[in-house]
Each structure stands twice: as structure tokens, then as C-alpha cells.
Amino acid sequence: MKATSALLVLLALFLSLGASAQTKEIYTNPAFENLAKSHKTIAILPFEARVGLRPNQMKTMTPERIKEMEQNEGLAVQSALQTYFLKVSSKDDYTVSFQDAATTNAMLLKNNITAENIKSFTPAELAKVLGVDGVITGTFTTDKPMSDGASLALGLAVGFYGATNSGKTAINIYDGASGELLWKYEKSLSRGLGSDTNTIITTIMRKASKKFPYSKIKA
């Protein structure tokens, strides 16, 4: 009986710790208010995307086509995030504005910052180049392309369409002056989140909106 009771206690503790870990998807810097008090404009960078391909799919593609697909997916996430913020901002819900993604990408290109070398720049350096107060970066991993652009890059005939869209996304906000991480949100992807980039990003951000650091406090 004692052994059984001890086992039940350990199981309860394990489940409790597991539940606690699942709730810790969002991190907000304790000094956020001080670091971001003067923020006016935030830039959303193209996301780093990874699409997990099955072995038979890998055989039909060159490394160049895989890179093109993943870059298109990263641009699609950037665009979807901007679209979400514009919709919410139209309701006057945020204390900052968001630089247009086309402007962000053009300025990166003019400064010779590409998907291949962007990791060699710090968030503070990128913010300075873009003339913004903070930058949003992120990663997006999935087991099939979510965006039309990524699918079209493959000729639509490689067999990616299916019911699943498992994976994970992480969204980070950095202070442009100090380069410090201000906010981070991680979320695993599942079929319940949708099957296209815009739907997934909208669903993810709705879940995170109560903790989004630039949200205005409702009276």
C-alpha cells in the first residue's frame, strides 16, 4: 500500500509539473516597461522556416528548391503576422505601429542583408538599419508547406498536401536599442490551428493576445 501511495504521489507530481511546463509558453522581460516605454515602430522580419520533408519527397527536390520553399514560407509568416497586427491595430488596440513588410524587406536588401547572412547581425543592428524601435523575429517549423508561395515553388506536384500540419512556431520581440529579448511566445502546431499560414498565425496570436506586451490596457 505504501509503495502504491508513493507511486500515486509521484505520478501526481509529474502531471503537475507537466501542466506547469505547458503553461510557460510566454516570456515577458521583467524590465519591459522601462525598455519599451518609448517604442513607436516595430519591424517584423522574415521568419526562419523549416519544412520537414519525408525521404521520398527529398529525393524529388534539389537543395536550391528546398531553400526557396522555406524562404517563401518564412515570408508568408512575416506577411500573415503583419496582416494580423494591422487588423488589430485598426481597432486601436496597440501602443505601437508596425513597419510595412515590403519596406522592411526592401531596406534589408539595400543593406545586403539576406536570409543567408541575417543571423550575423544582432537585433540592435537590424533595428538600426530599419530605423525602428524594436524587431520581431521567429521560427516556423512544419511537416508540409502552409503557404501558396511555398507550394507553388515546388510545382504543386511533390505530394505535400495532407491532413496534418504539426510543428512549432516561436515569436520573439527584441528591443532595438539594447538588443534585449523583450517577449517570447512558443506554440506547437496541430491540425486544430488550421491548414494555411494566415489561419495558423491568426489563431496563435489570438491565444497570445492577452499577454502581448504592446496591448493597450482596457478600462
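Predicted model: local features only at pLDDT ≥ 70, side-chain atom pairs only at ≥ 80, totals over all residues.
**Entry 1: the main core**

I started with the largest nonpolar core, which has 30 residues. I looked up which members touch the most others, and got Leu81, Phe85, Phe98, Ile136, Phe212 and Tyr214. Helix 4 gives the most, with six residues.

I then picked leucine 81 and skipped its neighbours within four places in sequence. That left contacts with Ile44, Phe47, Ile136, Ile171, Ile201 and Met205.

I also noted a second, separate core of 11 residues. Among them are Ile118, Leu130, Val132 and Val135.

**Entry 2: strand 5**

Is strand 5 largely enclosed or open? I found seven of its nine residues buried, so strand 5 is largely enclosed by the rest of the structure.

I went through its pairings one by one. Strand 2 runs parallel to strand 5, with three bridges, and here isoleucine 44 has isoleucine 136 as its bridge partner. Strand 3 (residues 48-51) is also parallel to strand 5, over four bridges; alanine 49 is partnered with phenylalanine 140. Strand 6 is antiparallel to strand 5, and nine bridges join them. Isoleucine 136 turns up again here, with isoleucine 173 of strand 6 as its partner.

**Entry 3: helix 5**

Which residues of helix 5 (residues 101-110) are buried? I get Ala101, Thr104 and Leu108. They span an arc of only 60° around the axis, which puts them on the same side of helix 5.

On the face turned away from the buried side I found exposed Ala102, Leu109 and Lys110. I checked what covers the buried residues, and the cover includes strand 2, helix 4 and helix 6 (123-130).

Last, I looked at both ends. At the start of helix 5, a side-chain oxygen of aspartate 100 comes within 3.0 Å of the backbone nitrogen of alanine 102. After the helix comes asparagine 112, and I noted its positive phi, near 60°.

Technical notes
Residues numbered from 1 in each chain as written. Heavy atoms only, no water. Core = buried A, V, L, I, M, F, W, Y, C linked by side-chain atoms within 4.5 Å. Buried < 20%, exposed > 50% of the residue type's maximum accessible area, 1.4 Å probe, protein only. Helix = DSSP H or I, 4+ residues; strand = E, 2+ residues; numbered from the N terminus. Contact = heavy atoms within 4.5 Å. Pairing = 2+ DSSP bridges. Arc of directions from axis to C-beta. Polar contact = N/O pair within 3.5 Å; in protein donor to acceptor, adjacent residues only side chain to side chain.
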